[in-house]
Amino acid sequence: MTWDHYIYFAAPALVCWIAGAWISFRSNRKSRAILLTVAGLLIFGAYIAGLWISLERPPLRTMGETRLWYSFFLPVAGLITYSRWNYKWILSFSTVMSFVFICINLFKPEIHNKTLMPALQSPWFAPHVIVYMFAYALLGAGALIALYFILPANRRRIDGKLMGLCDNLVYAGTAFLTIGMLFGALWAKEAWGHYWSWDPKETWAAATWLAYLIYIHFRIQKQNQHTAALGIILFGFLLLQICWFGVNYLPSAQGVSIHTYS
Amino acid sequence: MWKQPWGYAEGWLICCGLFLTGLILQFTTGKVDADYFRYPLNLIGTGLFLILLGILQFRGRKKNSLRWFSGLKATLTSLTSVIVLLIIMGLTRQVSPSADLSGAGGFSRTGFMQMTSSWPFVLLFLYLLGILGLVTLRRLSSFRGKDIGFALNHAGLFIALTAAIAGSGDLQKLRMSASYDAPEWRGIDDNNQLHELPVAIELQSFTIDEYPPKLMVIDNQQGIALPEGRPVNIVADSAGVGGKLLEWDIEVTQSLPMAAGFFQADTVSYVEFHSVGATTALYIKAVNRTNGRLREGWVSCGNHMFPYSSLRLSDSQSIIMPDREPRRYASEVTVYTEKGDIREAVIEVNKPLKVDGWKIYQISYDEHQGKWSSYSVFELVKDPWLPVVYLGIYMMIAGALFLFLSPPKTN
């Protein structure tokens with residue numbers, strides 16, 4: 001299995017997800033929407049498994065490979081949110097975002113090296129990155145919702161139920177963000193000798209984490225300031241983007257980060 | 001302003017005050033000098049910090065002004081100010097906290113290039129830590145079962161951060177370069193000072209497993225791999241394998257994983273060579289699919305003993321073999337301790353060795369000589385506060401699970 005086969009799995013998976021999103025939006029056949037989304041995940045998951053086997057290492061090393069997991073976890077996050085809280089538009093959101101990341105991988109892959117340097121050969125590698133990608137997917141869904149409702153035309157429609165959804169996405173996202181960061185610390189101790197070394201990626205990860213802590217505390221304190229709360233979600237997600245790939249381009253991080261993707 | 005009960009304005013003013021105080025201290029005294037903050041001073045300092053928090057918490061039960069410090073307004077303002085400093089830190093190129101910038105002048109005087117040892121950062125970080133401690137104590141003093149997630153998250157973070165800061169003075173980190181000749185017991189610290197250690201290492205053998213050789217086409221003028229931006233390669237681990245590179249069909253007819261090269265007329269040839277210093281060479285036949293032209297010859301990545309060699313396909317293109325990438329490198333060592341223990345062990349990346357409170361990491365080797373390196377470089381780390389930091393980290397992991405499974409309720 002190589003990247004040449006990607007489209008043959010991604011396209012049917014997307015068809016399933018779009019169908020699931022359509023059904024969840026237009027009708028009340030919840031179980032059918034869930035089944036279709038799960039079918040899409042199985043197809044997409046089969047590709048990840050095949051790639052993992054043929055690369056002889058977890059596909060988590062390059063930017064393109066992390067995007068692959070992101071495309072997978074977005075519908076997972078959407079599915080959990082839909083089945084638990086019944087927001088019928090969430091599957092459409094997650095499908096659109098997943099579609100965008102699938103397209104980036106199809107047209108700009110940056111994914112060609114089969115080798116894995118010794119520092120990445122660790123049992124911590126897979127959990128660290130997978131947990132982070134899942135957190136990014138949840139927080140990405142939160143950011144999309146925040147972006148939509150912070151627009152002046154949509155602000156009237158913000159209500160307690162919507163803020164409850166944002167809270168839940170941020171709680172779950174922050175929980176996984178925390179675990180991903182701490183797994184990284186435990187791994188760093190084994191690989192580099194110290195659990196925290198203020199590498200540029202770590203600095204931005206800390207800032208991102210604190211931004212979501214601010215959201216959580218702000219929501220307890222100022223429950224009626226919805227727009228400001230949505231603004232914090234967007235601010236946190238901006239920091240997250242810098243942490244995920246922005247550091248690769250920041251002049252302050254050139255040549256000093258040990259977290260560079262190739 | 002400053003009338004009870006305090007609000008956000010007071011919170012922002014305290015943070016600004018700490019920031020300005022920090023800047024003034026930075027301009028007048030330079031960066032925070034933490035050289036003396038090690039055992040026993042760090043233990044005493046931490047004890048005093050905890051006692052101070054305890055007193056504040058105890059007094060705060062009656063005094064509103066003290067209770068403000070364990071509230072959400074203090075939390076939000078202090079969190080925001082630390083984020084601001086972290087963003088400045090992320091946008092500014094950082095240099096090692098031990099580097100001396102005192103004569104550099106200009107922007108470096110703000111201390112932002114060594115953020116973690118600058119006064120504004122240290123003051124605001126300690127302020128946030130103090131607030132976190134007070135919040136934790138306040139909740140623990142009226143603890144109920146449903147507070148367990150809260151307690152794990154807040155106490156865990158407080159314990160991890162406090163131990164990390166207090167322990168940084170006791171952290172020892174030394175580089176040691178061990179060779180085959182004799183045990184080495186000296187290490188070099190970050191400032192290139194030599195230290196004698198209670199642990200000695202003697203190298204028995206050093207090995208690198210490499211990934212199979214790769215073949216790529218490069219542009220003769222610019223030396224970049226083709227196609228530009230999306231280079232392709234074929235993995236050539238044995239004779240008989242082949243593949244397509246651009247418009248060429250490649251076949252490997254002879255594979256020498258252990259080879260010696262010698263000059264013959266104006267080309268380089270390779271023969272089998274099973275000894276120290278061997279390199280990798282492949283004999284290749286390349287056929288152009290469009291015009292049927294055949295090119296053949298040796299391709300090798302070369303090394304410190306033998307020349308590198310490429311196969312010229314045309315005026316603009318050549319086939320090369322990049323240096324083989326290490327898959328795994330490991331050192332077999334004998335470790336001696338002061339107590340007289342002798343141990344044989346294998347140390348490799350991601351698998352450090354624990355001896356007498358030290359962790360020994362494989363970090364490097366003679367990269368010029370690659371797999372024939374005559375020495376191996378280790379890092380020895382001792383961090384006596386690590387178990388306390390780990391306690392905090394494990395509490396936070398458990399706390400994160402609580403945050404996911406039973407999130408706090410906001411209405």
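The following legends describe close-up views of a predicted model.

**View 1. The largest cavity and the residues that line it in chain A.** Under the rule applied, the model contains 1 cavity of 30 Å³ or more. The space in the largest cavity amounts to about 40 Å³. Its lining is formed by Y132(A), Y136(A), L177(A), A205(A), T208(A), W209(A), L240(A) and C243(A). Two or more lining residues come from each of helix 5 (125-150), helix 7 (200-221) and helix 8 (226-244) of chain A. Helix 7 of chain A contributes the most to the lining of the largest cavity, namely 3 residues. Classified by residue type, the lining of the largest cavity comprises 7 nonpolar residues and 1 polar residue, with no charged residues.

**View 2. The aromatic pair of F72(A) and F73(A).** Over all chains, the structure holds 39 aromatic pairs. In the pair shown here, the ring centres of F72(A) and F73(A) are 5.4 Å apart. Their planes stand at 70°, and the pair is therefore edge-to-face, since planes over 60 degrees apart are placed in that class. F72(A) has a relative accessibility of 16% and so counts as buried. F73(A), at 11% relative accessibility, also counts as buried; the cut-off for this term is under 20%.

**View 3. The aromatic pair of F134(A) and F176(A).** The centres of the F134(A) and F176(A) rings lie 4.8 Å apart, and because their planes are at 85°, this pair is edge-to-face. F134(A) counts as buried, its relative accessibility being 8%. For F176(A) the relative accessibility is 18%, so this residue counts as buried.

**View 4. A lysine over the ring of Y82(A) in chain A.** K30(A) is placed over the face of Y82(A). The distance from the ring centre of Y82(A) is 5.8 Å.

**View 5. An arginine over the ring of W185(B) in chain B.** In this view, R186(B) lies over the face of W185(B). The distance from the ring centre of W185(B) is 5.7 Å.

Notes. Residues are numbered from 1 along each chain as its sequence is written. Chains are lettered from A and ligands numbered from 1 in the order in which they are written. This is a predicted model: local features need pLDDT of at least 70, side-chain atom pairs count only at pLDDT 80 or more; totals for chains, interfaces and linings use all residues. Side-chain values use heavy atoms; hydrogens and water are left out. On a 1 Å grid over the protein atoms alone, a cavity is a set of points where a 1.4 Å probe fits but cannot get out, and a pocket is an open set with protein on both sides within 12 Å along at least five of seven lines; lining residues have an atom within 4 Å of a point. Grid points are joined across faces, edges and corners, and a volume is the space filled by probe spheres set on the points. Helices (H or I, at least four residues) and strands (E, at least two) are DSSP runs, numbered from the N terminus. Ala, Val, Leu, Ile, Met, Phe, Trp, Tyr, Cys and Pro count as nonpolar, Asp, Glu, Lys and Arg as charged, and the others, Gly among them, as polar. Rings of Phe, Tyr and Trp (its six-membered ring) pair if their centres lie within 6.5 Å; planes under 30 degrees apart count as stacked, over 60 as edge-to-face and the rest as tilted. Buried means under 20% relative accessible area, exposed over 50%, partly exposed in between (1.4 Å probe, protein chains only). A charge sits over a ring if NZ of Lys or CZ of Arg is within 6 Å of the ring centre and within 35 degrees of the ring normal.
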